[in-house]
Each structure stands twice: as C-alpha cells, then as structure tokens.
Amino acid sequence: MGGLVSVVLVGSFVAFIMYQNISNVTAKIEKRGSKGYDFFANLSSAMIEYIKDIKRDINGKRETPEFFVIKEKDTALKELDDYIRKLAFYETILAKKKDIEVIEKEIASIFISFDKYISENFEDGIKKAEQIKQSLHKIYQNR
C-alpha cells in the first residue's frame, strides 16, 4: 500500500512539472507567435505606404498633393528613404529573430522620430503628423 501511495505521489509531481513546462512553452509560443510579427510587418507596411505618398507629393506625382516640404527636396527624399529602409526590415524574416517587445520599442522609436520629422519639415506639419498618428493608432487598436 505504501508503494502505491509513493507511485501516485511521484506521478502527480511529474505531471505537475510537465504541466508547468507545457504552460511555459505555450506562453512563449503565443508571445513569439507569427501574429505578433505579422502585425508589426503590416504596421510597417502601412507606414511605408504613407511615406511613399509623401514622396509622391514632393515629386509632384499626385494630382492633389497634401504634403509640401519646407526644406530642400533632395534632402527630404533621402530622409524619407531612410525611414522606408528602417521600416522595411520589419517586413523581413530577419525581424522574427527579435522579441516582439524589442520590435515594438524599435518601431515606436521610428514612429516618434518620423512624427517629429513631419512636424518640423512640412507645411502644417503638426496637423499632418497628427493625422498619420491617428490612422496608425486605429490600425494598432484593431490588432
């Protein structure tokens, strides 16, 4: 009888440890799941489209431009290309090597920098930056 109790006790202990390990692995999978990476890839893609529209406005390729650059055109285009390059990384498989929290902080940093850039370098920049923020915020909330 004593042997049966010890077997049940040891079995219960092993089952508990396995349950904890499975829970930890599942939490990590959910945390690193493709949904998080896909979301940030889509968010980056949306931002890249905004930047491309701004570049079209600067180059005079849209019928009704919304963005009018205050500074030198070539410099503005180069800086916008830098933002595209930074954001394009998050659309690649290489981004999946980073933790979701790290990606979120990096993208937030890029967005804050871009917001400041729009505010300072375009006519009605503060208003334009706010419109972009609101659009991206809606995408962020709908994740």
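The protein exposes about 9,800 Å², of which carbon and sulfur atoms supply 58%; accessible areas come from the Shrake-Rupley method with a 1.4 Å probe, and for residues only the protein chains shown count as cover. The model is predicted, so local features need pLDDT of at least 70 and side-chain atom pairs count only at pLDDT 80 or more, while totals for chains, interfaces and linings use all residues. Residues are numbered from 1 along each chain as its sequence is written, and side-chain values use heavy atoms, with hydrogens and water left out.

Begin with the whole chain in a cartoon view. The secondary structure comprises five helices and zero strands, where helices (H or I, at least four residues) and strands (E, at least two) are DSSP runs numbered from the N terminus.

Next, select the nonpolar core. Such a core is a set of buried Ala, Val, Leu, Ile, Met, Phe, Trp, Tyr and Cys residues joined through side-chain atoms within 4.5 Å; buried means under 20% relative accessible area, exposed over 50%, and partly exposed in between (1.4 Å probe, protein chains only). In the largest nonpolar core, which has 31 residues, M47, I51, I54, F111, F114, Y117 and I118 touch the most other members. Two or more residues each come from α2 (34–58), α3 (73–88), α4 (100–121) and α5 (125–141), and the largest share, ten residues, comes from α2.

Now select F114. Leaving aside residues up to four places away in sequence, F114 touches M47, I51, I54, L80, Y83 and I132, contact being heavy atoms within 4.5 Å.

Finally, select D53, which is found in helix α2. D53 is partly exposed, with a relative accessible area of 25%. From C-alpha to C-alpha, D53 and F67 are 8.7 Å apart in space, and 14 residues separate them in sequence.
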